[in-house]
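Hello,

Here is the structure for your set. Please have a look, then read the notes below.

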Amino acid sequence: MEFFNTHITPEAISAVTRTLETGWLSEGAQVRDFEAALSAELALVNPVLVNSGTSALHLALAIAGIGPGDEVILPAQTFVATGLAILMQSATPVFCDIDPRTGNIDPTAAEEKITSRTKAIIPVHWGGYPCELDEINTLARQYDLAVIEDAAHALGAQYRGQAIGRISRFTAFSFQAIKHLTTGDGGALCCTSPDDRDAAQTRRWFGIDRAASKQTILGERDYDIAELGFKYHMNDLAASLGRGNLVGFHSRLQRRQAIAARYRHGLESVPGITLMKNPEDRKHAYWIFTILVEDREGFIRKLASEGIPASVVHLRIDRNSIFRSITQDLRGQEAFERHQISLPCHNAICDVDIDHILNVICGGW
Ligand SMILES: Cc1ncc(COP(=O)(O)O)c(C=O)c1O
């Protein structure tokens, strides 16, 4: 049994083959087609495809004008990419506490971290569970902050009836190999404002406006770069893989949610286990199924002895020396850090596997 799974559909294999046969591998029609499909099928607003989730986060920070001296609030419970993207703009990451029953940023703790230098906040949807976006966007309006959702784990999640990817000013998705939808490596930056979308489309490719810059008789485009751009665009090969993998996305997501429901039912009264919050107002994308356990190492060893993988997935990032962080007041983070563990929750897990996992856990550790 694997902890993660890479799902490639037959349609993706055919789509990639067709793209290879065209001989056009750079950014082109397949990228536009995949962007349109993400809007039509997953209700993402203005998705701009890029070559990774990290690029999407960095692009958002650059477009929001975050620079030296600016502070950006984020949870420590994430992957290093979230913090490194802030350093790429020479800004300062400010680590904020989380709710240990969700793994997500605590809006009250976030407000306490706001100073006159704070310019943005990055809520991370841990494991695919949507953050308190109403509270966070209210704070953002009050203190004039850019909200950049890190939705690397949350493709297909919903908050109060709205898809993640159409709520805050920016939302960054990852299509890396083991995510819900893969393009090998890739990502999307969703922008609620058309101006941000236009900036993302230009700045993902060196700052050149592909649509407006025409080829001249000299054989090169006519362009003027006004703002720093990056080589962050997605190519057509990756886009055709993503477009093909979109086939069946909703039923695969429902299957993850059904696996989680079975876990919740089977684990709700097991001593030593605390389930995460599960309110009715949002839909979890269940990239992973996180729980809190007592004697975590004993739990992991017991599962491993029965061939069942379990993982913390990411540890708090603020202790990496690059962040030079002196954060000490993260009590929710500390509680989560001691007890959090995730169980496999993907489309290669069958009901027999789930019964086995539940039986082993119910037998104690
Ligand atoms: C929370 C989080 N943010 C950002 C990223 C970066 O995404 P990518 O690997 O596509 O650059 C990841 C990657 O797993 C992640 O887990």
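Helix 3 passes helix 7 in a right-handed crossing. A crossing is right-handed if the near helix is turned clockwise from the far one by less than a right angle, and left-handed if anticlockwise. Helices (H or I, at least four residues) and strands (E, at least two) are DSSP runs, numbered from the N terminus.

This is a predicted model: local features need pLDDT of at least 70, side-chain atom pairs count only at pLDDT 80 or more, and totals for chains, interfaces and linings use all residues. Residue numbers start from 1 along each chain as its sequence is written.

L59, A62 and I63 of helix 3 meet D196, A199, A200 and R203 of helix 7. Contact means C-beta atoms, placed from the backbone, within 7 Å.

Now the domains. Domain 1 covers 10-245 and domain 2 covers 249-362, with bounds from an automatic or database assignment. Their centres, over C-alpha atoms, are 25 Å apart. In domain 1, 33 residues contact 30 residues of domain 2. Helix 4 gives the most to that side of domain 1, with three residues.

Best wishes

Conventions: Two residues are in contact if their C-beta atoms, placed from the backbone, lie within 7 Å.
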